[in-house]
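Hi,

Here is the structure I promised to pass on.

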Protein chains: 2
Amino acid sequence: MNYKEMVFEIRSYDVDQNKRLKISSLFNYMQDIAGCHAEELNIGYGALIEKNLFWVLSRVLIKLNRAPKWNETLRIVTFPKGINKLFAVRDFIYYIGEERIGVSTSYWLLLNSQNLRPQKIESLNTQLLFDDNEHGLDVSLDKLKFDGNLSSPLERNVYYNDIDVNNHVNNARYVEFIEDYFSAELMSGKTIATIQVNYLSEAKINDVLTIQSGGYSEDERTRFINISNKDGSAKNIEAFIEFKN
Amino acid sequence: MNYKEMVFEIRSYDVDQNKRLKISSLFNYMQDIAGCHAEELNIGYGALIEKNLFWVLSRVLIKLNRAPKWNETLRIVTFPKGINKLFAVRDFIYYIGEERIGVSTSYWLLLNSQNLRPQKIESLNTQLLFDDNEHGLDVSLDKLKFDGNLSSPLERNVYYNDIDVNNHVNNARYVEFIEDYFSAELMSGKTIATIQVNYLSEAKINDVLTIQSGGYSEDERTRFINISNKDGSAKNIEAFIEFKN
C-alpha cells in the first residue's frame, strides 16, 4: 500500500493556554502531509499547476480520543483509499508513541484553475495503489443537516494571514474562526472531540464573513456551525463539532 | 560560546499567498528556539515555573535581506550575549543554506509570576557564557518615538487562538495583527524588511484592541504602529516597520 508518515513536534505556538494542540494546527499538519504525499506521487502542487489543476479539500472529519500536548511528538500516517464519484478519498491516523489517539477521513476535489470546475480524478492518469480494506475512519462524509435555530451572526474580516498559496481563505483558518467563536468553551478547558467541516465555496481577502451556530442537543455538546459571506453571495462552510470535558 | 541551532522547514501554512514566509511565523520560530535553548540551559519554562518566574519578550528587532520561501529550510542560530540592566539580551542569525539572510536582537525580562515585577537576571544563579564580541545585530533597542499623525483606529477582538501558554496575547500574534492591518501592502507583494516590536503590557482574552499607524516618511515605506486596549487601560505594543518591494 501507498502511504506516507511524518512526525510533527508540537511546538509552543501550536498549543493553546491549556497547552493542548489547537485543532486548527492539526488541520495545518493534516494538509501539509497530504500535500507532501501528493508531491511524492507526482500529483502535488508543482506538478498540477502546469496542467492548470489544483487540489481543494472538500470535506473532512476528525475524531480524537485526546488532545495532543505541548512537546509531544505527533506521528501522522496517511493514505489515499480510493475514489468516490468526483472525490479522492484520503484517510489519516494520528499516533503519540504507539497510542492511536485519533483518526480522520477526507474528500478532495481536483479543480481546473481556469474555470474552477471539478475534474475526474481518473484524468490524472496516475497509478494510485489503493487497499479498500484499509481505513482511518470507515464512514462516508455527507452534507450536514440542521433544522434548529441559529445564533445571531458574529462578523469576522478576512485579512492577509487568512489567505494561502491558493489565494483564498485557508481551510485551517476557518477552523481558527470556529475555535475563536467558541473561545469561552475552549478557554475553560473543553476540547473538540469530533469535527467535520464541509467546504462549500471560497472566501477572498477583504471579505466579511458571518459565523452562526446552533446546538444539536440541549447540553450543547454537539453544535452546528455555518460561515457565510456577509454580503449574501456565498455559504463558505458548514461544520459539526462535538465538545468533551 | 553558548549557542543553539535549529532548522525549520518552511511549510505551506507558514507562507502567504506570495509563497513567502510570514513575519509572524518567523516570530514563532524565533521564540521557539529561544525557549528550547533556555530549556537546555535549565532556565526554561518548566524550570522557572517552579520558582514563580517566567520570561517575557520585551523588545525585538529583525532585519531581513530577503523573505524565506515555501519549502526552503531556515536555519536559526541563537545565543545570549549578556545583560543590559534588567534585560537579558539574545541575538539570532538566519540562514538559508550558507546564505545569511537576516539578523535580529532581542531583550527579555524575567518576571515574577505572582506580582509580574521584573527580577534581576543575576538571581537565576546560572552560569551563562557570553562572548561580548559576538553579535547578530549590534544595536541597542530603545523606546520608539513618533511625533506624526496616527490613522483612525482599527478594532481587533482577542480570541482563543491569540492566547498562549502564558495566558495572554502571544507576541507573534501582535505581529499577525500588524500584518493583517497592512493586508493591502503585503498582498501586493511588498515584504517587511525591518521590524521592531516593543511589548509594553499584556492583553487578555475578550479584550478589544485598537491598531493605528503613521508614516515616518512621505513614501510610507517606514511606519510606526501602536496597539492599545480600546477601553484605554493599556498601551500594548509599539512597533516600527520598513517595507521593501
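**Ring pairs**

B:Tyr45 is partly exposed, since its relative accessible area is 25%. For that label I use a 1.4 Å probe on protein chains only: buried is under 20% relative accessible area, exposed is over 50%, and partly exposed is in between. Next to that residue in my notes is a pair within chain A: the ring centres of A:Tyr181 and A:Phe182 are 4.9 Å apart and the planes sit at 80°, so this pair is edge-to-face. A:Phe182 is buried, with a relative accessible area of 2%.

Before going on, a word on where this comes from. It is a predicted model, so local features need pLDDT of at least 70 and side-chain atom pairs count only at pLDDT 80 or more, while totals for chains, interfaces and linings use all residues. Residues are numbered from 1 along each chain as its sequence is written, chains are lettered from A and ligands numbered from 1 in the order in which they are written, and side-chain values use heavy atoms, leaving out hydrogens and water.

Back to the rings. Rings of Phe, Tyr and Trp (its six-membered ring) pair if their centres lie within 6.5 Å; planes under 30 degrees apart are stacked, over 60 edge-to-face, and the rest tilted. How many aromatic pairs does that give over all chains? The count is 26. One of them is edge-to-face between A:Trp70 and B:Tyr45, at 5.1 Å centre to centre with 70° between the planes. This pair crosses between chains: A:Trp70 is in the loop between β2 (53-64) and β3 (73-84) of chain A, and B:Tyr45 is in helix α2 (residues 45-49) of chain B. Helices (H or I, at least four residues) and strands (E, at least two) are DSSP runs, numbered from the N terminus. There is also one aromatic cluster made of A:Phe146, A:Tyr216, A:Phe224 and A:Phe240.

**Charges**

Which residue lies over the face of A:Tyr95? That is A:Arg75, at 4.4 Å from the ring centre. In chain B, B:Arg75 lies over the face of B:Tyr95, at 4.4 Å from the ring centre. (A charge sits over a ring if NZ of Lys or CZ of Arg is within 6 Å of the ring centre and within 35 degrees of the ring normal.)

- A:Arg11 and B:Asp32 meet at 2.5 Å, N to O. The pair crosses between chains, from the loop between β1 (4-9) and α1 (23-40) of chain A to helix α1 (residues 23-40) of chain B.
- B:Glu155 and B:Lys230 meet at 3.1 Å, N to O. They link distant parts of the chain, 75 residues apart: B:Glu155 is in strand β7 (residues 154-157), and B:Lys230 is in the loop between β10 (222-229) and β11 (235-244) of chain B.
- A:Asp162, A:Arg173, A:Glu176, B:Asp162, B:Arg173 and B:Glu176 are linked in a network of salt bridges.

**One backbone detail**

A:Asn42 has a phi near 65°, a positive value in a residue other than glycine. A:Asn42 sits in the loop between α1 and α2 (45-49) of chain A and is exposed, with a relative accessible area of 57%.

Cheers

Conventions. Salt bridge = Lys/Arg side-chain N within 4 Å of Asp/Glu carboxyl O.
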